[in-house]
Amino acid sequence: MNRVVAIFFILIFALSHLSKAQNDTTSIFFVTGAYDRGRILNSNDFTDGANGLGRKLNDFKGYTIGVGWQTRGEQVWHHVHNFPSFGIQLYTPRLDDREEFGQPVSLMAFYRGVLLRKGIFSLKYDIDGGIAMGWKPYDAYDNSSNIVIGSKVTAHIGLTAEAAFLISKRFELALGGGFTHFSNGAVKKPNKGLNLLSPHIRLTYLVEDNQLPMRRRDYGKPKSHELQVALGCGIKHTDVENKLYPESNTDYPDGARFFLMDLYVSYLHQYSHVGKYGVGVNILYDSYMGSRYRFIENGYNVEPELGDFSLRFCVAPFIAHELLIGNISIPTHFGMYIYRPSEEKLDVLQQKPDFFQRMGLKYHLPFNMFVGVSIYAHNFAKADFLEWCLGVIPIKKMVLRSNNLKR
């Protein structure tokens, strides 16, 4: 816990300097806190009753505290997104069966966009992302029921919407609801993931009056066409099920890690300062496909044996969208496999479903380059692997590009 607090204050210092570097004048600093109480979405045997408590895990409550900065309109994207805010926060959910779950604490960054602002009322949405620590993960000997969380550290992804009201010049009260997902991106399994759905109440205190300028709309409409090429890679830890390998002495023997790499090329059209859309094609290399296992150490651990090289490839076209927030963008891809190894050549767990999804975060560098991290998933729920990528935009034609507002 002390490490989490230390990292929290380091990020406060870093974001404070980032805020000053991005703007000509200092943004409005604020402190925020929230309370939520909701439901655990039952999606596996553990949350459905196969746990130490012997019942469904339904209710939870959570607490959030954070700091942030309210933009004031010095850059185009401030006006485009109706003066959003950003910051960092700590979040802890109080879950049933903490004996097997542990007590997680999330450290995450948030971006609070504004869909509508009218007088003292505003309609907002949050995109949260970070890491959650303090889990008590699956262990074949000491915590064998918890198939939900496979590692002590997981990713935290949250999406919320809320209606906010300025109850004074310094205080804002918000009511809303959201969805939270915890997963390690298949780095260590079993890891079914945890999904939470809850309403919340939030109170925010601004250190100075919230006096925003008139929103400007005279920054022009950009039109661009670009070609993006990116190379991503990741590692995933595989499930090994007893039904496929009866010589195992446990339902979830310790699996093996496999390397994945993908190359994707996409064409994108920027339709406004808010975003881009387009199409692309993804070529995936997955060394898990076609592999086999040899059990060692009395059936609790496995050693991988790679299969035929030709069985490790998939090809999938996709449609794409990118939400633009300054130098940061949030890409989402939805694709369908048009080539994959035939089912008779793979085990059940190695077969790819029809569709894949990718959602992540990109930071755009100079010289038309970018770096990013994404969750590569199937069925909108199951993470296949955590992908780190490096990309370039070799072709880009921009009709209008505005970085700063004219005074």
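User: Which strands each supply at least two residues of the nonpolar patch?
Analyst: This is a predicted model, where local features need pLDDT of at least 70, side-chain atom pairs count only at pLDDT 80 or more, and totals for chains, interfaces and linings use all residues. Residues are numbered from 1 along each chain as its sequence is written, and side-chain values use heavy atoms, with hydrogens and water left out. Strands are DSSP runs of E, at least two residues, numbered from the N terminus. Those that each supply at least two patch residues are β16 (355-365), β17 (369-378) and β18 (382-398).

User: Which strand gives the most to the nonpolar patch?
Analyst: Members of the patch include L361, Y363 and M369. The top contributor, with three residues, is β16.

User: Is Y363 buried, partly exposed or exposed?
Analyst: Y363 sits in strand β16. Buried means under 20% relative accessible area, exposed over 50%, and partly exposed in between (1.4 Å probe, protein chains only). Y363 has a relative accessible area of 40%, so Y363 is partly exposed.

User: What is the relative accessibility of Q350, which counts as buried?
Analyst: Q350 lies in the loop between β15 (328-336) and β16. Q350 counts as buried because its relative accessibility is 4%.

User: How far apart in space are Q350 and G290, C-alpha to C-alpha?
Analyst: Q350 touches Y288, M289, G290 and S291, leaving aside residues up to four places away in sequence. Touching here means heavy atoms within 4.5 Å. Q350 and G290 are 60 residues apart in sequence, yet their C-alpha distance is 7.3 Å.

Technical notes: Patch = residues over 30% accessible without salt bridge, like charges linked within 9 Å, V, L, I, M, F, W, Y side chains within 5 Å. Areas by Shrake-Rupley, 256 points an atom, 1.4 Å probe, with all protein chains shown as cover. Salt bridge = Lys/Arg side-chain N within 4 Å of Asp/Glu carboxyl O. Helix = DSSP H or I, 4+ residues; strand = E, 2+ residues; numbered from the N terminus.
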